[in-house]
Amino acid sequence: MYSRELDGETYTFGVSGKLWRDALLMYDHQTRTLWSHITGEAIKGPLKGKRLKPLVSTPQIAWKTWLLNYPSTLILSVPTRDGMRESLNQDVYADYHASQRAGVSGMEYTDDRLPNKSLVIGVQVPAKDGTTQFRAYPLTHFTKMAIINDTLGEVPLLIFHDKGSFATAVFTRNVARDIRTFSVQDKHFVEDNTGTRWNLITGEATSGKEKGTQLERLPAVNIYWFAWARYYPETSIYR
Amino acid sequence: MKNYTLTLSLLLFVTFYATAADYTDDAIRTLLPFDAIPAITDPQFVPANAAKLDPDAPIIGVTFSGESRAYSLYLLNGHEIVNDVVGGQKIATTW
């Protein structure tokens, strides 16, 4: 999820049909620069070296859970093309997701710290020295507990994954100038060490004097390990 | 005229049968022509009560300035990108 605004200009994006590091490249209609949709970086063309601003989103969640939390949501309707309606309730990549095969190029992946097709939550935060810190949180950590309180570099993080709705979110644990620690209450509701209750789908406090306050959400992705490790080989893994 | 089924078949074919032999690290490889997978530039939306999506189907959710949108991942498989404006924020939803 990226902003389409960059340096005061607005861009629209299409699919280039080209691959780089095993992922499709986008291009912008205005300059035909090629952009990585994994990193948001322009890798070829007039805007090479520029980077799109990542925006926060819920990268995946069951429709019913989203609707419950955002009842006024609109939903993308099914386009009609060549007189044919697209299939709305079918995953054309189901076989790929179910297979052991990594990527589309058939290349060998060598980072065997995790199995290639392990799903991880990929997180990146800036460090004080201007570099970026990367950490992968394997979804297997969330089978018993929906949250992890962690610190990556200087940044206290709350990592959330609900196995029921497949919702993922990453928040900072900084609230009103202190660092909170969270524990699970039920489903996607947690309580922090001051007694405030939070909904981690919306990121909003639901009780106490902080009711309505928002946790600061960070960009998060659900991604296969092989792809995360290919783009960010320096990543650490939460164990 | 673009053929959606052909495009996806081709993509899946290449996906399954491309070999490591022709892979050069960090090379840009052309798999399909530009726009063979058509990004959405004029997205149309319906309210939730008009949606026909399976309640358990996966979506990408965004919310800006009180406006919320859901994009079905199954639809995004065939489009990869939605160019949208949500709550005044110009966004590219990518999958």
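Reader: Why is the contact of E154(A) with K128(A) called a salt bridge?

Author: In this predicted model, the closest N and O atoms of E154(A) and K128(A) are 3.8 Å apart. The cut-off is 4 Å between a Lys or Arg side-chain nitrogen and an Asp or Glu carboxyl oxygen, so the pair qualifies. E154(A) sits in the loop between β14 and β15 of chain A and K128(A) in the loop between β12 and β13, so the pair ties together parts 26 residues apart in sequence.

Reader: What makes E154(A) and K128(A) exposed?

Author: Exposed means over 50% relative accessible area. E154(A) has 52% and K128(A) has 75%, so both count as exposed.

Reader: Why does K90(B) count as partly exposed?

Author: Its relative accessibility is 27%. Buried requires under 20% and exposed over 50%, so K90(B) falls in between. K90(B) forms a salt bridge with E5(A), with the closest N and O atoms 3.7 Å apart. This pair crosses between chains, from strand β6 of chain B to strand β2 of chain A. E5(A), at 36%, is also partly exposed by those limits.

Reader: How do you know that D56(B) and K64(A) form a salt bridge that joins two chains?

Author: The N to O distance is 2.7 Å, within the 4 Å limit. D56(B) lies in the loop between β2 and β3 of chain B, and K64(A) in helix α1 of chain A, so two chains are joined. K64(A) has 43% relative accessibility and is therefore partly exposed.

Key
Residues numbered from 1 in each chain as written. Chains lettered and ligands numbered in written order. Predicted model: local features only at pLDDT ≥ 70, side-chain atom pairs only at ≥ 80, totals over all residues. Heavy atoms only, no water. Helix = DSSP H or I, 4+ residues; strand = E, 2+ residues; numbered from the N terminus. Buried < 20%, exposed > 50% of the residue type's maximum accessible area, 1.4 Å probe, protein only.
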